[in-house]
Amino acid sequence: MKPETVVIIGSGPAAWTAAIYAARANLKPLVFEGAGSRTMIPGGQLMFTTDVENYPGFPEGVGGIDMMLDFKKQALRFDTRVLTEDIVQVDFSRRPFRLHSSGGRDVRAQTVVVATGANARWLGVPGEERLAQSGGGVSACAVCDGALPAFRDRILAVVGGGDSAMEEALYLTKFASEVLLIHRRDELRASRIMQERAFASDKIRFLWNRTVEEVLGDDAITGLRLRDTVTGEETEIEVGGMFVAIGHIPNTGFLRGQLDLKDNGYVDMPTAWRTETNVPGVFAAGDVMDDYYRQAVSAAGTGCMAALDAERFLAHHGPAD
Ligand code: NAP
């Protein structure tokens, strides 16, 4: 079979934007949107976001799921083909690249755009997943959800002790009556400057040596059951929201040994402001290579860049047999 011109792996804002650009450039992209599982569904992290209010062009906001379905629809309007399968193995040692899917399919590709994203790390305690999926006040992104009316003037909890937790806590002080920073140790991992900013806020209260054992509430969060890691004592506190900021896990397991990854697992990008990876012809876009901004709009922007980079690469190097 003739190799594909562009294979795009993923189905978040980066992947669909890459598909829209590649399709409109007549490259007939093939998208592997992912097979889906209990914790992962095609569409990426926005499938878990109820309201997106910071994506330009939607003055009234838009539902995360609606937005991703529209991204996909727009890609399908042009010449995009989609397979609901994961890519589980790749051989990037030479072009055309070889990819093997969860559906047992072997595909060859002249260029590849990796846009498999990253997943927020969750606590995995009772109540958390249910209330995150239903929009019941549990979130892994304060910048995405913190400004929603449900969180105004409420006591909000942030879980974690790293820079993200400090940043989310500081951001939430704009809306919350009080922010409770819950950390499992008595020492923060966050950088000195972020720690100092958080300590300086009179709206942030630190609950040290505490783990969240359960998120309470039926339709919406009402509180948390905490455990003191030193005494073992359990307490219940009232909160109107919980923001989990304990890190992200990039979806790069299938790339190990094939593409340079950073120590934290994200794709290593050798050149700033370019989507080229260390393998010529393989490009990366969105959260899989971005451990810093992690926004839908920045992911979409890099998806566009990756498609343009793939197009230019093909124009310059031509197809390989
Ligand atoms: P991180 O630095 O890995 O911190 C994760 C935090 O979550 C740690 O405090 C960890 O506790 C805690 N944690 C992990 N698993 C947990 C669990 N199961 N239950 C309870 N707590 C748990 O992650 P991050 O804060 O997302 O930062 C990631 C990277 O981005 C870092 O390099 C950071 O510097 C950078 N970043 C920078 C900025 C900034 O400079 N403005 C902002 C955001 C992120 P322990 O400390 O006990 O391990």
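A: A residue is called buried when its relative accessible area is under 20%, exposed when that area is over 50%, and partly exposed in between. The model is a predicted one. Its salt bridges number ten, and some of them are taken in turn here.

Start with Glu-33 and Lys-72, whose side chains form a salt bridge with an N to O distance of 3.1 Å. This pair links distant parts of the chain: Glu-33 belongs to the loop between β2 (30–32) and β3 (51–52), while Lys-72 belongs to helix α2 (residues 64–77), and the two are 39 residues apart. Glu-33 has a relative accessibility of 9%, so it counts as buried. Lys-72, at 23%, counts as partly exposed.

The next pair is Arg-105 and Glu-85, with a salt bridge of 2.8 Å from N to O. Both residues are in loops: Arg-105 is found between β7 (97–101) and β8 (106–114), and Glu-85 between β5 (81–83) and β6 (87–91), so the bridge ties together parts that are 20 residues apart in sequence. Arg-105 is partly exposed because its relative accessibility is 36%. Glu-85 is at 11% and therefore counts as buried.

A further salt bridge joins Asp-291 to Lys-262 at 3.2 Å, N to O. Asp-291 is in the loop between β19 (282–284) and α7 (296–317), and Lys-262 is in the loop between β18 (248–250) and β19, so parts that are 29 residues apart in sequence are tied together. The relative accessibility of Asp-291 is 24%, which places this residue among the partly exposed. Lys-262 is also partly exposed, with a relative accessible area of 31%.

There is also a network of salt bridges, which links Glu-214, Arg-225 and Glu-234.

Helix α7, named above as one end of the loop that holds Asp-291, contains Arg-312. Arg-312 has a relative accessible area of 57% and is therefore exposed. Between the C-alpha atoms of Arg-312 and Gly-281 the separation is 10.0 Å, and the two residues are 31 residues apart along the chain.

Now to the sheet. Strands of a sheet pair through backbone hydrogen bonds, in either a parallel or an antiparallel way. Here five strands make an open sheet in the order β10-β17-β11-β12-β13, and the pairing is parallel. The edges are β10 (138–139) and β13; each has a single partner strand, so one side of each is left without a neighbour in the sheet.

Val-138 stands opposite Met-242 of β17. Helix α5 (residues 163–172) packs on the sheet and touches β11 (155–159), β12, β13 and β17, with a direction about 170° from that of β11.

One of the positions involved is Ile-182, whose bridge partner in β13 is Leu-207. Together with helix α6 (residues 192–200), strands β12 and β13 make up a right-handed β-α-β unit.

Conventions. Residues numbered from 1 in each chain as written. Predicted model: local features only at pLDDT ≥ 70, side-chain atom pairs only at ≥ 80, totals over all residues. Heavy atoms only, no water. Salt bridge = Lys/Arg side-chain N within 4 Å of Asp/Glu carboxyl O. Helix = DSSP H or I, 4+ residues; strand = E, 2+ residues; numbered from the N terminus. Buried < 20%, exposed > 50% of the residue type's maximum accessible area, 1.4 Å probe, protein only. Pairing = 2+ DSSP bridges. Right-handed = clockwise from strand over helix to strand, strands pointing away. Contact = heavy atoms within 4.5 Å. Axes fitted to C-alpha atoms, helices over the stretch in contact; angles between N-to-C directions.
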